[in-house]
Amino acid sequence: MSELYMLVGTYTSQDSEGIYVYKFNSDTGEYSLVSTTKVDNPSYLTFSPNGKIVYAVSENDDVDVDGVFSYQLDKKNGKLSLLDSVLTEGAAPCYVVSSFDGKWLVTANYNGGSLSMVKTNDFGMFENAVHVIQFQGEGPNKSRQQQSHLHCIYPSPDSLYLFANDLGADKIYRMDYSDNLDNSSVVEFSVKPGSGPRHSSFHPSGEWVYTITELSGEVIAYNYTDGVLEEFQTILADKFHAGGSADIQISPNGKYLYASNRLQGDGIAIFSIDQDNGVLSAIGYQQTGQHPRNLAITPNGKFILAACRDENQIEIYQIDDNTGFLNLHESISVNQPVCVKFTSLD
């Protein structure tokens, strides 16, 4: 279906309401605002497996108020209704993911240096106390890596593991997943010291996974087999060496990879992906508005949207399927956007 709901998370220190819900046509790029929901700093959003429950972190860098909220998304009118909330017990939650079967919700707490896990039911309610997994570590960049900084969590395509990136300790952690989330034997994969792994994205084939490093501005490519990451390439994404690389997304057809960079030369590095071996080749760079924190590609692969926080707009780019290059289509004005997510209308 070309018609989608597009949800936008924002920072609310200025004039933002919180969460914005739009209708978005993935064939034409047309959009219309449907509803808004007030919540403090919903900096990252995710959906339950059935797409009817929306989870949003509230990132305030205050362990006494930082939490995660669940909302019912009414697919008929695009309005959100609050269902439940719980404190994450870790400071500055900046990422949230629902497990494969929807039984667990996990947040990455940036300044808490931890992951928070809570059981959820089919109705979006939190069923037990939050379980916190605390990490310890640091890196050579003393201004940015003085402690563990968990930045994202992502499931493996085989539904066996959850991975988490620790920007502060230069580590990628792997946890087994079963009916109960098992954190008793966390496996660590080391990343180059001072690089700061931030976000990762699996290739649609499931064979490769790519990690953007915030501090060194590189994309690291890994072979993925049975829970093991084996690095086979590192390629520069931020030629300005600004220490502000942010998000990484792969086109649904698996042909192109996009990595956003902030602080200097704000824009999106564009790579082609060799379909035989996963090797990346730099093919272009698209300038964007200031501070492109988050990228989102429509399910049909026609558009990529850049949430440019300091430009106060979401830029809509059309993807050229033959080249991977981007053409600016239109911009949506919204205060401090930092997360864009799509779901169906039904």
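**Charges, rings, strands and cores**

Tutor: With a relative accessibility of 5%, Glu 214 counts as buried, where buried means under 20% relative accessible area, exposed means over 50% and partly exposed is anything in between (1.4 Å probe, protein chains only). Before going on, note that this is a predicted model, in which local features need pLDDT of at least 70 and side-chain atom pairs count only at pLDDT 80 or more, while totals for chains, interfaces and linings use all residues. Residues are numbered from 1 along each chain as its sequence is written, and side-chain values use heavy atoms, with hydrogens and water left out.

Student: OK, so which side chain meets Glu 214 in a salt bridge at 2.7 Å?

Tutor: That is Arg 144, with the 2.7 Å taken from N to O; a salt bridge here is a side-chain nitrogen of Lys or Arg within 4 Å of a carboxyl oxygen of Asp or Glu. Glu 214 lies in the loop between β17 (208–213) and β18 (218–225), and Arg 144 in the loop between β11 (131–134) and β12 (150–155), so the pair ties together parts that are 70 residues apart in sequence. Strands are DSSP runs (E, at least two residues), numbered from the N terminus. Arg 144, at a relative accessible area of 25%, is partly exposed.

Student: And which side chain does Glu 214 meet at 3.3 Å?

Tutor: Arg 262, again in a salt bridge and again from N to O. This pair links distant parts of the chain, 48 residues apart, since Arg 262 sits in the loop between β21 (256–261) and β22 (267–273). Glu 214 and Arg 262 are both buried. Through shared partners, salt bridges join Arg 144, Arg 198, Glu 214 and Arg 262 into one network.

Student: How many salt bridges does the structure hold?

Tutor: There are 7. Another one of them joins the side chains of Lys 192 and Glu 218 at 2.9 Å, N to O. Lys 192 is partly exposed at 45% relative accessibility, whereas Glu 218, at 13%, counts as buried.

Student: Changing topic: how many aromatic pairs does the structure hold?

Tutor: It holds 16, taking rings of Phe, Tyr and Trp (its six-membered ring) as paired if their centres lie within 6.5 Å, with planes under 30 degrees apart counted as stacked, over 60 as edge-to-face and the rest as tilted. One of them is Phe 24 with Phe 342, whose centres are 5.6 Å apart and whose planes make 55°, so the pair is tilted. Phe 24 belongs to strand β2 (residues 18–25) and Phe 342 to strand β28 (residues 337–344), so this pair ties together parts that are 318 residues apart in sequence. Phe 24 and Phe 342 are buried.

Student: Fine, and which residues do ring pairs link into a cluster?

Tutor: The cluster is made of Tyr 154, Tyr 161, Phe 163, Phe 189, Phe 202 and Tyr 224. Phe 163 and Phe 189 are both buried.

Student: What lies over the face of Tyr 285?

Tutor: Lys 239 does, at 5.6 Å from the ring centre; the criterion is that NZ of Lys or CZ of Arg is within 6 Å of the ring centre and within 35 degrees of the ring normal.

Student: Now the strands. How many residues of β26 are buried?

Tutor: In strand β26 (residues 313–319), 6 of the 7 residues are buried. β26 pairs in the antiparallel sense with strand β25 (residues 303–308) over 6 bridges and with strand β27 (residues 326–333) over 7 bridges, also antiparallel; strands pair if DSSP finds at least two bridges between them. Cys 308 has Gln 313 in β26 as its bridge partner, and Ile 316 stands opposite Glu 330 in β27.

Student: Which residue in the turn between β25 and β26 has a positive phi?

Tutor: Asn 312, at about 55°, in a hairpin with 4 residues between β25 and β26. In the hairpin of β26 and β27, with 6 residues between the strands, Gly 324 has a positive phi near 85°.

Student: Last one: which residues in the largest nonpolar core touch the most other members?

Tutor: Of its 53 residues, these are Leu 7, Leu 80, Leu 115, Ile 153, Phe 163, Ile 172 and Leu 229; such a core is a set of buried Ala, Val, Leu, Ile, Met, Phe, Trp, Tyr and Cys residues joined through side-chain atoms within 4.5 Å. Strand β5 (residues 53–58) gives the most to this core, with 5 residues. A second, separate core of 16 residues includes Val 8, Phe 303, Ile 314 and Phe 342.
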